[in-house]
Amino acid sequence: MGKYIVKRVLQFIPVFLGVTIILFAMQNIVPGDPIKLIAGERQLDPVTERNIRATHGLIETDENDNIIYDENGDTIETPMWKRYVNYLGDLLHGDLGTSYQRGTAVTDIILQRYPYTLQLAVVGIIIEAIVGIGAGIISAVKRYSFWDVLVTLATSLLVAMPAFWIGMLLQLIFGVWLHVLPISGVAGPIAQYPAWMYYILPAITLASVSTAYTARIMRSQLLDVMNQDYIRTAKAKGLSKGAIIRKHALKNALIPVVTYVGMDFGAMLAGAILTETVFSWPGIGRETYVAITQRDWPIVIGMVTCIVLVVMIINLIVDVSYAFLDPRIRLGSSKSES
Amino acid sequence: MADIKNSALSRRQFVGGALAASALAALAGCSNNDGGTAGSGATTASGENVFRFYLSEPAYIDPYNAQENQGTAVVRATFDTLLTWDWDKNEVTPLAAADLPTVSEDGLTYTFTLREGMKFHNGDAVDAASFKRGWERLADGTMASPSEIGYHLAPVAGYAEMAAGEADEISGLVAVDDLTFQVTLTAPMADFTAVCCHPGLAPVPQAALDDPAAFLEQPIGNGPFKLDEPWQHNQYITASRFEDYYGEAPKIDGVYFNIQSTPDTAFTEFEGGNLDFAMIPTGRIQETIDKYGESEDGFTVTPGAQTLIGTELSTYYLICNMDNPSLADVNVRRAISLAINRQNIVDTLYEGTREPANSIMPLVIDDNEENVWEYCAYDPDRAKQILSDAGIDPSTISVTLDYNGDGGHEDIMSSIQADLQAIGITVTQNTTEWATYLNNLSAGNYGLARLGWTADYPTQDNFLYPNFYSTADNNYNHYNNPEVDAALDAARQIADEEERKAAYRTICHTIGEDMPVIPIMFYAHSYVGSERCVSFNYDAQTIPHFETAELA
Amino acid sequence: MIYPVHQQPGAAAHADAVAAEHGGAAVAGAKSRTLWGDAFNRLKKNKLAIAAVVWIIFVVIVAATADLWVPQTLGDPTATASDNMAGMSRLAPSLEHPFGTDTLGRDVLSRVIYGARISLVVGLVSTGISTLIGLVMGALAAYYGGIWDTIIMRLADMFLAFPYTLFVIMMIAVIGNGIQNVFIAIGILGWPQIARVFRSAILSVKENDYVDAARAMGASDVRIITRHIFPNSVASIVVYATMNIGGAILTESALSYLGMGVVPPDPSWGTLIQDGQQYLQTQPWLMILPGLAILSTVLAFTLLGDGLRDALDVKMKDA
């Protein structure tokens, strides 16, 4: 087990290098000059522009940070490979660079924003797990009942709605019409509602679609397991339905559900651009999206790398816990056929 | 920073085009705060006599990079520049300087005498050296994040050298003695005193150089309010009255800048009684006026007249690509301008709060008929007439309307498109991402492109020179009229104010005949103050005047 | 039920779940003629699927014939009249304007109908692109195996590991705004799921005797894939593609909501919601009605996909 984890962690390194190399390459492909974007429509004066480029290592400077000029008196653009090497070097000192737009260290921005994404993801995943698994179990156990139809109907509807639209409907109902929950944002020192209330609507929106999937997976898994021989045997032995479900069926049926929920948690930690946009939630999804539109590459690279690493860590945890839940799975063999 | 802005957002965000000004910001709202970390913010905020002001997250609150109106609001409260603009008299008036500067005969040297006994918030004395220090930070290319607003000092001798790293100081700035500060320009610029009002040109104590990182988060100024703690990003900034302030003591105890990411939640908080000043969201202006009353001048809140609808020094306009064969013809540009129903746009989309543009600059700058552009009227018949007189068949004209698709401009553009199609011109819209849009603008890859201009200084020069001088940075379509260039050069040297204004009027008129740009509307702010405000002024340059604010 | 992987937020997780769920995706029947005949009979008995088909046909007909009657009865979806725009702005639903009017006084129902064209075309074209790429990649991976399989499947993993919405946004940043680029972006990014489904379908068919027989008789690889393997995997692809259309429609609406879809003044369902959002407090129907259009159409494709799956007896473990 330990060996397996070490191996998986070592795999992070090539993935990290791959992701950062791709993002560095993107800088050449994506149109737009990030430094010109700082000033927007108003053009920066050439001297200022040059200084800013030098500060961010986009043009060559000597060891005293003086700008180097070529024989024509023009600045020399730092080649992308060299910027990449510099980036890796800085990274070893924990420096992810500085935002072009705001002059703030990228690490600070990540530390400022990530807690919001994390908090929302935790609340979201709790909703998803409780409501999704609960609804799935009810609908499987009481198959063809009113509740089963209700769950099936609700999940079908949920997965056919754009999540951002679900968010707006919630805002309309609870914020505008009923006035019981804040429409958006997070609580400040002088907020109208208690801080926890600000999490409810965005977390529900974030979890809505995947809760529907969780319920469906739970239902079908449970129905599947209930048809298996050992359950039939248990039934034949006269165990009550409730006992069978609790003691035998649930444990096996839960495995794929836990995997799904776990991986979805990873996905939530990657930030949710649309949910964050609808609710003005200051998480990393929106931050990254805005950084892409502003070509603020240090933020984009820092955020995406961070997201990918977090997702990989979560997946690793899911895989490891999967092995604990299901002894039939042996870690170390290649990923199950997909 | 002179850029377009939108009253719904900070200029910077709007310029960044990253947020759809109307749509994304619309409903969503947010106080990006963590309830648990209120700290002293909460105590200050709960103070009776503290002004609770809505802010969206500023870019910088350190004066060396003060550009958008969010950061500027904080800088203005915490720093005093040499001079300031008096909106009552519409002229420059001394602030940290004891009097207006004396100007040498050649118009190149300005000598300021500082007030005595001024102190920074940390107790250091404010002297001429501190102004030199503060101003030079704008030209210091070695700062962790160099200033983007150094261009304000471009007229000063030695600025270019320091910015280029060839000199360690700006030679044109001299601290003659503790209270005498001398500024030498490279060429006469009669409006230089207006430049000195810019919040970026503030003095800083030695601490700014010793620990720039700390200064960035909690600047130490010489203004009427001092920052109590470092900026709590996305949450709040608190300032309290500076007891050793040299001027008249403010009537309020402090300012609590409540940072919210969109105006809508701010407005909700305002309605819940948690803010004293907030922006009014789209579509709710009339309702707000009905409820809180409208201020007469649009800039001052008093009880019962709490809604501020005031024209700002910003123009929304289209720039014509002169390389486009159709648009190269002045008749076509005039006809297009005449065909646009500006009143309809402001009435439908802005509840009539913004003003249709009748010139490139709002008349509040210089209220004179001569500044009004003839072809900014709405007269589709005349537009058709002009085209037929010039022998142009409208159906042969085909132009694109270019803009960034993420800035909430769709409705304005669709409306313009419909107006132009009504006189037979074929118009297609071309939306691009913000970054691509800027590339296209620089590359001349557009037909009619959207631009905005917000004045740095409330002067005619600031609307005309940067946009229409042949070599100016912001002259995107390379408008080149030698007559205008010569007249602008000449006007900058006219010392007499009335004479100078008259010279600029003539220039403005000439440009209005050429129509290199098609002004659409003037921005206006729409804010509302609480019943607690006995008096609070928010001026046309979007500067809140906390120093004179009074709460009940 | 298949997860529309396009839906944010957890694209990667959904995709993995899909893949896991579809591990055994394969066609039970081998005789194609009876398969389709039986399937049709089974589908006819599924009321939900029939309702879905009826709704899809209705939407298609309305959208396709819009030019003939919508501008005359409801009003032009793009033109505005500046002489009384303020008076026509954001009217509440009425007989004359069943969905009300937007800020510029345009009939919202007319815009929703024209928006259906965009959504349907995006759904079909981008699913077509995804399916085509996915089929080729899946076939290469499954049929040739070995290094091909490894490369293609790792590539698919990489596509799935990257946050989906960010991926589309970056792609749009590279290729530019506009509806044709939206198909391309959604189409290209959708291939890994199809490739996985097709690959596992092939893997299960490949082992069958008739494939060995064909090979023994000297049939070429291409012939084996196109004549023998493809027809026997087509059911699962049809099912998957049908459901994918709904996913693509959802993605398009998300992109349009972020301002990266159609070029104004053309309407799309996503931009209509975005336009309506700012009037949530005062004219909520502007946001609700276009959302219902998305909901009903995506739901129809999902139900049809479900129906087809049951009818064709494609063993995708239902979730």
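Guide: Between domain 1 and domain 2 of chain A, in this predicted model, the rule finds 4 residue pairs in polar contact, both residues of each pair being at pLDDT 80 or more. The residues on the side of domain 1 of chain A that touches domain 2 of chain A divide into 3 nonpolar, 4 polar and 1 charged. The count of salt bridges between these two domains is 1. Arg102(A) and Glu287(A) have side chains that meet in a salt bridge, with 2.3 Å from N to O.

In chain A, domain 1 covers 45-103 and domain 2 covers 107-337. Domain 1 of chain A gives 8 residues to the contact, and domain 2 of chain A gives 12 residues. The centres of the two domains, taken over C-alpha atoms, are 42 Å apart.

The next item is area. The size of an interface is often given as the accessible area lost when the parts come together. For domain 1 and domain 2 of chain A, the buried area is about 840 Å², and carbon and sulfur atoms give 55% of it. On the domain 1 side, the residues that lose the most area to domain 2 of chain A are Leu96(A), Tyr100(A) and Arg102(A), which together make up 53% of what that side buries.

In the one between chain B and chain C, 28 residues of chain B are in contact with 23 residues of chain C. The area buried there is about 2,300 Å², with 54% from carbon and sulfur atoms. On the chain B side, the elements that give two or more residues are α12 (342-350), α14 (410-422) and β17 (426-432). The largest share, 7 residues, comes from α14(B). By class, this side of chain B has 9 nonpolar, 13 polar and 6 charged residues.

Chain B also holds an open sheet of 4 strands, in the order β5-β6-β8-β7, with antiparallel pairing. β5 (102-103) and β7 (173-177) of chain B are at the edges with a single partner strand each, so one side of each has no neighbour in the sheet. β7(B) pairs with β8(B), residues 180-184, in the antiparallel sense over 4 bridges. Within that pairing, Leu173(B) stands opposite Val183(B) in β8(B).

Two points of backbone geometry remain. Most residues other than glycine have a negative phi, and most peptide bonds are trans. Tyr144(A) is not a glycine, yet has a positive phi of about 65°. Tyr144(A) is in the loop between α5 (106-141) and α6 (146-159) of chain A. In chain C, Pro264(C) and Pro265(C) are joined by a cis peptide bond, with omega about 5°. Pro265(C) lies in the loop between α12 (221-257) and α13 (269-277) of chain C.

Key. Residues numbered from 1 in each chain as written. Chains lettered and ligands numbered in written order. Predicted model: local features only at pLDDT ≥ 70, side-chain atom pairs only at ≥ 80, totals over all residues. Heavy atoms only, no water. Contact = heavy atoms within 4.5 Å. Buried area = accessible area lost by both parts, 1.4 Å probe. Nonpolar A, V, L, I, M, F, W, Y, C, P; charged D, E, K, R; others polar. Pairing = 2+ DSSP bridges. Domains from an automatic or database assignment. Salt bridge = Lys/Arg side-chain N within 4 Å of Asp/Glu carboxyl O. Polar contact = N/O pair within 3.5 Å; in protein donor to acceptor, adjacent residues only side chain to side chain.
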